[in-house]
Amino acid sequence: MEDHPRLRNTVLTIAGLVVLALVMAFIDRLAAADDPISGIVKFSSAMAMFAIWGVATVSLNLVNGTLGILSLGHHGFMLIGGYTTGLLILSDQARGRILDSARSQMTDATLGISISNWLEAFGLTGLTTDDTLWVRFLIAVFIGGLVAAVAGLLVGIPSLRLRGDYLAIVTFGFGEIIRLSASTRIVAPLTNGALGFPGVPQAFGNSTLWTFGFLAITVFVMAKLKYSSYGRAMEGIREDEIAAEAMGVNLAYHKVLGFAISAFFAGVAGGLWVSWLGGVRLDFFLFQLTFFFLVALSAGGTGSITGVLLGTALVVFVRQYGDPLEEQYAIATWLVIAAVTLAIGALGVLVFRYLQRLRPRLHPSIFVLLGAAGVALVISVIDPGFIEGSFRGFGMRAIFLSVLLIVIMVFRPEGITGRAEFSWAAVFRERRDQPTDEERAQDAWLTNPELAKRLEEAERAARGGPDDDESEEG
Amino acid sequence: MAMLEVSNLNKSFGGIQAMTDVGFSVEEGEILSVIGPNGAGKTTLFNLITGVYRPDSGDIRFEDRSLVGFKPNQIVDMGVARTFQNLRLFTHLSVLDNVLLPQHHKLRSTWMSAVFRTPGYRRQEREMREFAMEKLAFFGPRLMSYRLHQPVMMLSYANRRRSEIARAMATGAKLLLLDEPSAGMNPKETTEITGIIRRMRDEGGYTILLVEHKMNLVGEISDRVLVLDYGQKIAEGSYQDVVNDPKVVEAYLGKKAEDADSDGELPA
């Protein structure tokens, strides 16, 4: 069975991770330098955001992709993790400022909940300095994840008896309940109501090295889980619940387990997210967040960790680098942009038809797209008086993302990667699901001995002269 | 003591009495076929035994433990597994995964040790693989080698049927309920599957409860045959006895013209 070069794969993976870590550390250094290279700060923060959202989407993928349950409450679990981490890691100065603020609903007691205080109580004062903030951050994120996982259990146990659309609605409802309860008076001493609180240290959420470290751990756990017996059972539930149960899979247990693990990592993502943003506020955790995760999942390939990360990269980079689309341009400029987009679309259709070997290669739609691009270009060049003026592309980023999603759904409904995963075996083109020549011959014997015999004879004749070996009996 | 004992089983769906006072037993190492016209309640019987439905009354005892009230996955744990009439394979998973998955309920590792691949988990995974290969070997080279890694949706229909049976065997159950294992197979493949079912009993040590429509298959391998019609047991015994039973002939072909009801209505 061991036809997989394991050692080679492990070495390559570790080498890849080391290179990645070095690159991330380098980006961090550049961004933190006194005189950063132009754009590097923005790039590093976009990379960190990608990693944080990656933690969230990869964990959502466990429920939506591996278990096949549509969950819409991910932002709720992120919120729980975010608020917990934020409160636990708040610096003393920030606490003081919150207490001084007139509108603060937080009290001395609730603000006393902090990792530093706990560590001091245990006499570990060495861990409460500024240099050791990372220890406290790790503890805080871990606790945030645990609290979210407990919430996941509480939400999951009653709701996972439902199926399909009903379950989606319930998870959405729970997500919103969590979000809205955070602003109620009962928990306001902990959450500061709708205002939230600033002052969460940003050193980790904005560091590409740290966030990619968390992403690497998440991907490790999710990938190992997916390719374990538990992952198989969960995929079985996705494929066919009735058959999975008839094959001995405990449906409730595995659904709740997947839901809780997913919620744990959502909580971790929430903790990183508040650190990226530098504060905790109710509107950092809108349903929009889950919506963007779902876009990333569908665009990348639901069920595939590789695909989900690609989809996340797409969403994050369109969001972070799409601002030129939202600026004010003359209508003539917009026409040029439209012409270029249409031309790219025409090229895309051509490439798609070529790759898919569709006939005719030059489909009429290509000419329609090119014609429209030409018309737009001509109008912008002539620049007739009636189209003068300018237009601000407000919301163009979202429109661009939506159009991109539509295009992916039309041409590749399973997402960029489908269910396929990245693997070294695929890189080296080691396919185990294709027959060797020997196996092909054996197949031929099984299905059609006559034909196989004739083929063998033809081959022997081609080799020149009959062999002395006895021919096999069918 | 019989391996499986079913007594006075009743089940109704709304106003339809799907199962009326059915009772029979399966001895260890036996092949018992359940036959009957369409809608006779054969699949309902399977669903009752495997816990998909709960009987209204009556008892199902497997190795002297009642199966009534347990969930399908718990019944698999006790040692009863089934195949489905209209294949319910995990179509996107590979053949190997399809045969490994039913062994999951035997896994004695937490999800944490599975994620971190502890030695104990690795050993169990290796054992699961060996067990899977052992079960697949029943079907010859067809499902071995490269096909192991192909998703089931790429397989031919006959190979899917074989995978479905292999999957049920891999649960580690002692009693297998095969729901039309030869449906959709050509005569050659039917002959082959007949041989495989016999070998499953002789070499694999399985006890088999079989629903089948192909009478030549039933006649060839059954130790005993149970005939159901409208949810009632109308005959039980050796194949020869049963097919000559006038009640069975009537259930399949209807009464002779002179015996038919006066209103001339055709039996369903």
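A residue is called buried here if 20 or more other C-beta atoms lie within 10 Å of its own, exposed if 12 or fewer, and partly exposed in between, with C-beta atoms placed from the backbone. This is a predicted model, in which local features need pLDDT of at least 70 and side-chain atom pairs count only at pLDDT 80 or more, while totals for chains, interfaces and linings use all residues. Residues are numbered from 1 along each chain as its sequence is written, and chains are lettered from A and ligands numbered from 1 in the order in which they are written.

**Stop 1**

Select Arg357(A). Arg357(A) is exposed, with 7 other C-beta atoms within 10 Å. Its phi is near 55°, a positive value in a residue other than glycine. Arg357(A) sits in the loop between α16 and α17 of chain A; helices (H or I, at least four residues) and strands (E, at least two) are DSSP runs, numbered from the N terminus.

Stay in this loop and select Pro360(A), which is found between α16 (331-355) and α17 (364-382) of chain A. The peptide bond from Arg359(A) to Pro360(A) is cis, with omega near -10°.

Now go to Asn192(A), in the loop between α9 (188-191) and β1 (197-198) of chain A. Phi of Asn192(A) is near 60°, again a positive value in a residue other than glycine. Is Asn192(A) buried or exposed? Asn192(A) is buried, with 27 other C-beta atoms within 10 Å.

**Stop 2: chain B as a whole**

The C-alpha trace spans about 75 × 40 × 35 Å along its principal axes. A compact globule of 268 residues would have a radius of gyration near 18 Å, and the 20 Å of chain B agrees with this; the radius is taken over C-alpha atoms, and the globule rule is 2.2 Å times the number of residues to the power 0.38. Of the 268 residues, 43% count as buried.

Two residues are in contact if their C-beta atoms, placed from the backbone, lie within 7 Å. Among the contacts in chain B with a separation of 6 or more, 64% are between residues 24 or more positions apart.

**Stop 3: where chain B touches chain A**

Bring chain A back. 33 residues of chain B are in contact with 30 residues of chain A. On the chain B side, the elements that give two or more residues are α2 (72-78), α3 (95-100), α4 (111-115) and α5 (119-136). Which element gives the largest share of this side? It is α2(B), with four residues. By class, the chain B side has 14 nonpolar, ten polar and nine charged residues. Here Ala, Val, Leu, Ile, Met, Phe, Trp, Tyr, Cys and Pro count as nonpolar, Asp, Glu, Lys and Arg as charged, and the others, Gly among them, as polar.

**Stop 4: the four-stranded sheet**

Select the open sheet of chain B with the order β2-β1-β4-β5, whose pairing is antiparallel. The strands β2 (16-26) and β5 (65-66) of chain B stand at the edges with a single partner strand each, so one side of each is left without a neighbour in the sheet. Two strands pair if DSSP finds at least two bridges between them; β1 (residues 4-13) of chain B and β2(B) have seven bridges, in the antiparallel sense. Val6(B) stands opposite Phe24(B) in β2(B).

Next, pick Ser57(B), in strand β4 (residues 57-62) of chain B. With 12 C-beta neighbours inside 10 Å, Ser57(B) counts as exposed. Leaving aside residues up to four places away in sequence, Ser57(B) touches Asn8(B) and Asn10(B).

**Stop 5: helix α7 of chain B**

Select residues 187-202 of chain B, which form helix α7. This helix has 16 residues and reaches 23 Å from its first C-alpha to its last, close to the 22 Å expected at 1.5 Å a residue; the expected span is 1.5 Å times one less than the number of residues. Thr190(B), Ile193(B), Ile197(B) and Met200(B) are buried in α7(B). Seen down the axis, the buried residues of α7(B) fall within an arc of 75°, so they line one face of the helix; the arc is that of the directions from the helix axis to the C-beta atoms. These buried residues pack against β8 (207-211) and α8 (215-221) of chain B. On the other side, exposed residues of α7(B) include Lys188(B) and Arg199(B).

**Stop 6: a hairpin**

Finish at strands β9 (residues 224-229) and β10 (residues 232-237) of chain B, which run antiparallel and are joined by five bridges. The bridge partner of Leu226(B) in β10(B) is Glu236(B). The hairpin has two residues between the strands, and Tyr230(B) takes a positive phi near 50°.
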